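Open the model in your viewer and keep the selection panel at hand. The tour goes stop by stop, with what to select and what is there.

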Amino acid sequence: MKYNFGAGPCILPQEVFKQASEAVLNFNGTGLSILEISHRAPEFEAVMDESVHLVKELLNVPSGYSVLFLQGGASLQFSMVPANLLAEGQTAAYLDTGAWASKAMKEAKLFGNVQVVASSKESNYTYIPKDYEIPADAAYFHCTSNNTIFGTELFSFPKTPVPMVSDMSSDIFSREINVEDFGLIYAGAQKNLGPAGVVLVLVKDELLGKSGRKLPSMLDYKIHADNKSLYNTPPVFSIYTAMLNLRWLKAKGGVGQMEKENTAKAAALYEEIDRNPIFKGTCQPEDRSRMNVCFVTENPEHEKPFLKLAEERGMIGIKGHRSVGGFRASIYNALPITSVYSLVEVMQEFAQKNA
Ligand code: PLP
């Protein structure tokens, strides 16, 4: 038995992988592969329409927003957001909560001014800063809703006088959000949504076309919106698999149900981290992520033997990111709570032998 606690790319339920693999050989009884049917064919248009519809339904997207399936990953969004929303000479406000936020800021500086409203860099990003002001003349405010590497989550979003932009790559569809609070949301698909190669963007239409900048077509949200994400050849397999996964999510009870399950999974794991004398969490308790649980051993000498035991017991992908060390258990939507219980058992077994 294997338990996949990997941070990505693409952690989906087995049944979704099975359906996706079947469509590689025979898509919807056509005798053709999903990979070979034309992306302009009515069959694929139906896939795109259903994908957009499911995103709107599951996230309760109000009218006035475009739902786009683009390429270039979340990393290209670090550039597309300022290219489209930040006019030359204007300032964008960024909350610096980790490596991905820093990368987003780096790209934004190519297009305009960046004001860092707050940062937790001095503590190696172990918490979410809460005391800051967002300038009323900023073009937008950017935050990362879940910090995949450092294991912190924004449980509440600030009230902003300017449009809020959020990188939700590692927690989209894991929790309820009020889309109306955001001007733009982007998410690389490869955690809770689908295979790498597609990025989801929800953008308020009224924000588009205001930067005054001439954009290459592929970087222009408006062109993608006008062409319903079919300006060029879309990543058909990634979108199709995302659609299957969204169907699964809907059948499971939707995002609210997912949030309940994710909260219970995270609580079970953090409870053990806090109770077990061998381990300690790396982040401030009130900011601990429900998607990426980071922890270390109190005694550094316990790190390797615990990793070895966990791997022997079938745990995959729990080695921590190099910027934090220790362990990171990613507990995305597709990971059942029973896998968390199994990890907790291994932690207890290790403590019995070593505490
Ligand atoms: N933002 C966050 C929060 C991430 O977790 C990641 C990747 O894990 C990225 C951005 C970068 O995504 P991509 O590799 O799709 O460019």
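**Stop 1: Arg 40**

Select Arg 40, found in the loop between H1 and helix H2 (42-59). Helices (H or I, at least four residues) and strands (E, at least two) are DSSP runs, numbered from the N terminus. UniProt lists Arg 40 as "binding site" in an unreviewed entry. UniProt positions follow the numbering used here, feature names are shortened, and annotations may be inferred rather than shown by experiment. Arg 40 counts as partly exposed because its relative accessibility is 44%. The classes are buried (under 20% relative accessible area), exposed (over 50%) and partly exposed (in between), with a 1.4 Å probe and protein chains only.

Before moving on, note that this is a predicted model: local features need pLDDT of at least 70, side-chain atom pairs count only at pLDDT 80 or more, and totals for chains, interfaces and linings use all residues. Residues are numbered from 1 along each chain as its sequence is written, and side-chain values use heavy atoms, with hydrogens and water left out.

**Stop 2: around H1**

Stay with the loop between H1 and H2 and select Phe 27. Is Phe 27 buried or exposed? Phe 27 is buried, because its relative accessible area is 1%.

Step back into helix H1 (residues 14-25) and pick Val 24. Val 24 has a relative accessible area of 28%, so it is partly exposed. Draw a distance from Val 24 to Glu 36, 12 residues apart along the chain: C-alpha to C-alpha, it reads 8.8 Å.

Continue to Pro 9, in the loop between strand S1 (3-4) and H1. The bond joining Gly 8 and Pro 9 is a cis peptide, with omega about -10°. Cys 10 is buried, because its relative accessible area is 14%.

**Stop 3: the ligand**

- Asp 167: a polar side-chain atom lies 2.6 Å from a ligand nitrogen atom.
- Gln 190: a polar side-chain atom lies 2.9 Å from a ligand oxygen atom.
- Trp 100: an N or O atom of the side chain is 3.4 Å from a ligand oxygen atom.

Taken alone, the ligand exposes 390 Å², and the protein buries 85% of that. These accessible areas come from the Shrake-Rupley method with a 1.4 Å probe.

**Stop 4**

Select Ala 74, Ser 75, Trp 100, Thr 148, Asp 167, Gln 190, Asn 232 and Thr 233, which UniProt lists as "binding site" in an unreviewed entry. They span 160 residues of sequence and are also spread in space, up to 30.2 Å between C-alpha atoms. Zoom to Thr 148, in the loop between strand S6 (146-147) and strand S7 (152-153). Thr 148 counts as buried, because its relative accessibility is 7%.

**Stop 4: two positive phi angles**

Go to Tyr 125, in the loop between strand S4 (113-119) and strand S5 (141-144). Phi of Tyr 125 is near 60°, positive in a residue other than glycine. Tyr 125 is buried, because its relative accessible area is 5%.

Next, Ser 229 sits in the loop between helix H5 (221-226) and helix H6 (236-252). Ser 229 is not a glycine either, yet has a positive phi of about 60°. With a relative accessible area of 4%, Ser 229 is buried.

**Stop 5**

Select Cys 294: the nearest cysteine sulfur, that of Cys 283, is 5.5 Å away. Cys 294 counts as buried, because its relative accessibility is 4%.

Definitions and conventions. Disulfide = S-S within 2.5 Å. Polar contact = N/O pair within 3.5 Å; in protein donor to acceptor, adjacent residues only side chain to side chain.
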